[in-house]
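Subject: Handover of a structure for your study

Dear colleague,

Please find below the structure that I am handing over to you. My notes on what was found in it follow directly after.

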Amino acid sequence: MSSQPPDSQALSAEEQEQLLEEIERKRSLTGKAAILVAVVGVLFSAYQIWLVARGTTFYVAVPFTDVRYTITSLQQLQRDSIHVAFALVLAFLLFPTSTGDGRVARAGSEVVRGVRNRFGADSPLTTITDRLADGVRWAVMDADRERITPVDVLLILLTVMSPLYMLGQFDEIRGMRALGLGSGRPVDEVYPVLEPVVSLVSAVGVPLDEISYAFIVGVIGMLLVLEATRRTLGFFLMALVAMFIVYARWGYLLPTDLTYLGALAIPELAWTSIVRDLWFTDQGVFGTPVQVSVRFIYVFVLFGAFLEMSGAGKWFIDLAYSLTGTKTGGPAKASVVASGFMGMLSGSSVANTVTTGAFTIPLMKRSGYSPEFSGAVESSVSSGGQLLPPVMGAAAFLIVEFTGTPFSDVIVAAALPAIAFFFGMWVMVHLEASRHGIGGLDRSQLANLREHFVQGWFYLLPLFLLLYFLIGLRLSIGRSGWLTIVAVVALIALIAAYNERTRVPLLATVTLFTLAEFAANLIAGVGLLGLLTGAGDGAGSFGAAVESTISAFGVIALAVSLVFLLVDPNRDSPLLDLDPAVDSAARDVGERIGRPDLTTSTLGRFGTFVVKSMDSGARTATTVVIAVAAAGVIPGVIAVGGLGPNLAALIRAVSADSYILLLLLIGVSSIILGMGMPTTVMYIIIISMLGTTLQDFGLVLLAAHLFVLYFGLMADVTPPVAIAAFAAAGVAKADEFKTGVIAFMLSLNKILVPFAFVFSPGILLLRDGRIMGAGDLLDLSYSIPEVLVPIVGMFVGVYAMGVAIIGYYEGEVSNPHRVLFGLSSVMLMAPMLLLLVVQDVGRAAGVWFILDTLTFDLALRGVGVVLFAALLKANRGRQEEDERQPAAGTVTD
């Protein structure tokens, strides 16, 4: 459908996957192990699809009747435990216990080597030690990240214990919530078949017959979450969560008379109470973060996977190049646009960096940008993809839950700051290109814009539909996500069935059934299926019929297209351009079953697309689910330990009741906690610890939460961790630390922009904590100073900051002028930041005055405008003088 600009340095799909696996420490499984992972992933996605489409009641329905045979109806805890169990199983399958290069493995090798050196190679002790070491390696280690070990199998079996117990013994769990885990039955009473084993274990001194089985399940479950966290997210987060669990047990030992630490003392809690609260209630592992994952996050991760596997990702990248590739610094500008698109699909800074950067970074290098700058640009814009509506990242759905704000409002509020950030990136790559005379690509290397858009415009439909469902119809997040997934699948089915020969009958049939659906809704108040089952209950309104028909259109298009595909599964589909991973999977499956014609046919490719998308979505969601499950322990401990009020008082004391110090504390904490861990985890921790204090200081709630999100994303490009920047350096073959430093500098707008909208919520289109209406905008006495001026100031300030960072504007900018450009940027974007600092300094010196008023805010913005204009004129004049001097010298000579 389109041609990617050629470049021998571009990473292949296999190289991208390998790089991602190395960064994320994933296994590269093949054969039966790969099939097992795919089966679990597809089942995980199918489970989540049922939840968003049909709810928590699982049943079998008799076609064309109202008869349903209920299989089970899940309680919230049961639903969430299955969700986490799926993620745990995939974590143990995809991530190795050890690759043999860690401290423990090295220490074990030293012991084996020491025994050999001490007793000799022929010693029986050496032989026994070698055999034990070989057994441990076989059972635990996976040096090449390509096999599932016995320990993984054991952990998977232990994982299944918890959901099985919750499904079968939920009445007992209800009772133990009130009476404690000690009231629960031991193992042999829950499962009498295990009585001989329990008796044997008890006989050797382990009182298994006296311990509640629920307590055992809870302890094992917590340990499994910690181990999965270590594998997927690293030792640091696992240790942090473990410290909170230990703190829940022994935090009462902290002396209450200490100045600051005394505020952290909590009542004494028994292990049974801790395990009950963290595993069998909605305050710990299965708390709000996991509930948000079940209801919102997974379905949007799945939507991104379907859209990416459909070929939309490749089309968006080509579109970005067609739009900007020929301009000054075209490849870098294409990176800004493409990474914004791709960030909506992947939701991961690292994945976005590698997949998009595989194309953009080599082209940036070839056009004249340095390897470090190329990698820095890609990682900076990729880390901002989670800020861009309408999809955003997983943290956006947590914001919805924690603030009670509709997702449609979050989208509206987040739009302008996100656009400002990407505008700032555009300005900086343009200035860098102007400095080095970097032009664009030749038009012959790029796809024709008009032809490319015509061939793939339909990829934009799911995004518009998503906005329509969320903002137009104001459907729930889960329902909107589900309907959009159906739309993507139906769209690809329609494209697969479409060619010159089938165009008229295909589109006519879809149109006919759509009109019939509309007529059924208008006449009987139900759709075609409801009409066939006799469920009609009277005429519906015109508006309701339109909405119902739009919601059902995806199913209609899918059903009709599948019929056409079944009639001719090998049809030619000129518009079908799926992601290369789909075609690769189709070929692999075809070769494995000995029937490549089945999987490489149009129908086979479509089926592979659906399965591959479900598998890819599950793999992507695994890390997110493990992250929110582990992070849920932290607010759980704060809740059960009653730490909230004391923590709020401690934070106020540390910040000395200073608005600026509080914001700086939040910002620095967000960056530090965000280093090496997902944005979702950072967000949960910061909001759990600082959320109450934010409200006490009077910050607009949504602005405060977006502030945390922006600073958390800075961690992806902040050395010494800078995981996205280091991934980009791997693609660019550049110096990692230098790339990280440049990426940090290019991302400074992620620091100034949040300060801008925290002090001026009008940038988020918020008034009194709510999204503005037309009446608010027409109130010029309010909208001009509170909305228009801050928004214009933000965009102009972003431009000024770009000049300060790059140090170029129609010529080299001197260091003093760069400082002044930076100062003008702060004045334009967040003048209150300077005013409050001066105010706090004055009060610390005993001089009390008030500067945080709208009058001073507007006055300082005016000073910023004058300073910025003066700097532009001075640098333009300096450039003109520099250009005249060489000419004069030449004449004299």
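Are H16 and H34 parallel or oblique to each other? This is a predicted model, in which local features need pLDDT of at least 70 and side-chain atom pairs count only at pLDDT 80 or more, while totals for chains, interfaces and linings use all residues. Residues are numbered from 1 along each chain as its sequence is written, and side-chain values use heavy atoms, with hydrogens and water left out.

Helix packing

Two packed helices are described by the angle between their axes and the distance between the axes. Helix H16 (residues 349-367) and helix H34 (residues 723-732) have axes that come within 9 Å and cross at roughly 40 degrees. H16 and H34 are therefore oblique to each other. Here, angles under 35 degrees count as roughly parallel, over 145 as roughly antiparallel, 65 to 115 as roughly perpendicular and the rest as oblique. Axes are lines fitted to C-alpha atoms, for helices over the stretch in contact, and angles run from 0 to 180 degrees between N-to-C directions. Helices are DSSP runs (H or I, at least four residues), numbered from the N terminus.

The crossing of H16 and H34 is right-handed, a term used if the near helix is turned clockwise from the far one by less than a right angle. Ala, Val, Leu, Ile, Met, Phe, Trp, Tyr, Cys and Pro count as nonpolar, Asp, Glu, Lys and Arg as charged, and the others, Gly among them, as polar.

A second pair is H13 and helix H18 (residues 394-403), which pack at an angle of about 130 degrees with their axes 9 Å apart. That angle makes H13 oblique to H18. Their crossing is right-handed. The contact includes Phe296 and Phe300 of H13 and Phe397 and Phe402 of H18, and its residues divide into 10 nonpolar, one polar and two charged.

Cavities

How many cavities of 30 Å³ or more are there? The count comes to two. A cavity is a set of points, on a 1 Å grid over the protein atoms alone, where a 1.4 Å probe fits but cannot get out, and lining residues have an atom within 4 Å of a point. Grid points are joined across faces, edges and corners, and a volume is the space filled by probe spheres set on the points.

The largest cavity holds about 80 Å³ of space. Of its 15 lining residues, Leu88, Thr159, Ser162, Pro163 and Trp279 are the closest to its centre. Helix H6 gives the largest share of this lining, five residues. The lining has 11 nonpolar, four polar and no charged residues.

The second largest cavity holds about 30 Å³. Its lining includes Gln48, Tyr298 and Ile485, with helix H2 (31-54) and helix H13 (288-309) each giving two or more residues.

Backbone details

The peptide bond from proline 719 to proline 720 is cis, with omega near 10 degrees. Proline 720 is found in the loop between helix H33 (701-714) and H34. Arginine 474, although not a glycine, has a positive phi of about 55 degrees.

Yours sincerely

Terms used
On a 1 Å grid over the protein atoms alone, a cavity is a set of points where a 1.4 Å probe fits but cannot get out, and a pocket is an open set with protein on both sides within 12 Å along at least five of seven lines; lining residues have an atom within 4 Å of a point. Contact means heavy atoms within 4.5 Å.
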